[in-house]
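Reader: Please show me the model, and then I will ask about individual residues and contacts.

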Amino acid sequence: MGRYLNSNADGFGKIVNSEIYVDKTSMLSYTNQVLNTMQGYLCVSRPRRFGKSTAANMLTAYYSCGCDSKALFSGFKIAKDKDFEKYLNHYNTISLNMQEFLSRSKEIGQVIDRVRRMLLRELKNSYPDVDYFDDTDLVESLQDIYAATKQSFIIIIDEWDCVFREYQQDKKAQEEYLDFLRDFLKDKVYVALAYLTGILPIKKYG
């Protein structure tokens, strides 16, 4: 269990225990249906304060094999779904908030490098026996882990588009970031589900 890889359910637990919480766990029935399909690439674009981060935390708590969250979800709608326990806490889950990485970096290269180094550290700690072809390459390492274990990953990226808001006029930085995401997610056998949240429509970024 790490900060980004297979994290616990504390974030969602804090939300559920708050004074006001609206049950949106029915969304998990849909994400369960699109796991390991071509439809399993989801981007939710909504204005601020629409519960995007809450949903991202919910997905992490439900899928992450780094916690046991059956009791946490037992009182909600998803618990009545026939596949509730089939997917509950069964997946390697990578959860990132890009705003966190952006706030600690001065330029886009540092953002990407920080994501890579943080994830590689946790991956190598969790899978020390994998024969890595290049343990400095995030995508190669994820592919090596999948080849060795046949365990796929659910990747959740909150505020994926914050880079575009920070670098509105820097097309080169935007392209570098998109290249990173494309290489990380597109057509990768290790991706069971990719779930991204943002504020503005994807088409705005071309």
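Reader: Where is the place of Thr-25?

Author: This is a predicted model, in which local features need pLDDT of at least 70, side-chain atom pairs count only at pLDDT 80 or more, and totals for chains, interfaces and linings use all residues. Residues are numbered from 1 along each chain as its sequence is written, and side-chain values use heavy atoms, with hydrogens and water left out. Helices (H or I, at least four residues) and strands (E, at least two) are DSSP runs, numbered from the N terminus. On that numbering, Thr-25 sits in the loop between helix 1 (10-16) and helix 2 (27-34).

Reader: Is Thr-25 buried or exposed?

Author: The classes follow relative accessible area: buried is under 20%, exposed over 50%, and partly exposed in between (1.4 Å probe, protein chains only). Because its relative accessible area is 0%, Thr-25 is buried.

Reader: With which side chain does the side chain of Thr-25 make a polar contact?

Author: A polar contact is a pair of N or O atoms within 3.5 Å; within protein, one must be able to donate a hydrogen and the other to accept it, and residues adjacent in sequence count only if both atoms are side-chain atoms. The side chain of Thr-25 reaches the backbone nitrogen of Lys-77 at 3.4 Å. Its side-chain partner, at 2.6 Å, is Asp-23.

Reader: Which residues of helix 8 are buried?

Author: Helix 8 covers residues 138-149, 12 residues in total. The cover over its buried residues includes strand 2 (92-97), helix 7 (108-126), strand 3 (153-158) and helix 10 (171-185); contact here means heavy atoms within 4.5 Å. The buried residues are Leu-138, Val-139, Ser-141, Leu-142, Asp-144 and Ile-145.

Reader: Which residue follows helix 8 with a positive phi?

Author: At the start of helix 8, a side-chain oxygen of Asp-137 comes within 3.1 Å of the backbone nitrogen of Val-139. After the helix comes a residue with a positive phi, near 60°: Lys-150.

Reader: Is Asp-161 buried or exposed?

Author: Asp-161 meets Arg-165 in a salt bridge (2.9 Å, N to O), a term for a side-chain nitrogen of Lys or Arg within 4 Å of a carboxyl oxygen of Asp or Glu. Arg-165 is partly exposed because its relative accessibility is 22%. Asp-161 has a relative accessible area of 0% and therefore counts as buried.

Reader: How many residues apart are Arg-182 and Asp-179?

Author: Their side chains meet in a salt bridge at 2.7 Å, N to O. Arg-182 and Asp-179 both lie in helix 10, about one turn of the helix apart, a spacing of 3 residues.

How values were computed
The expected span of a helix is 1.5 Å times one less than its number of residues.
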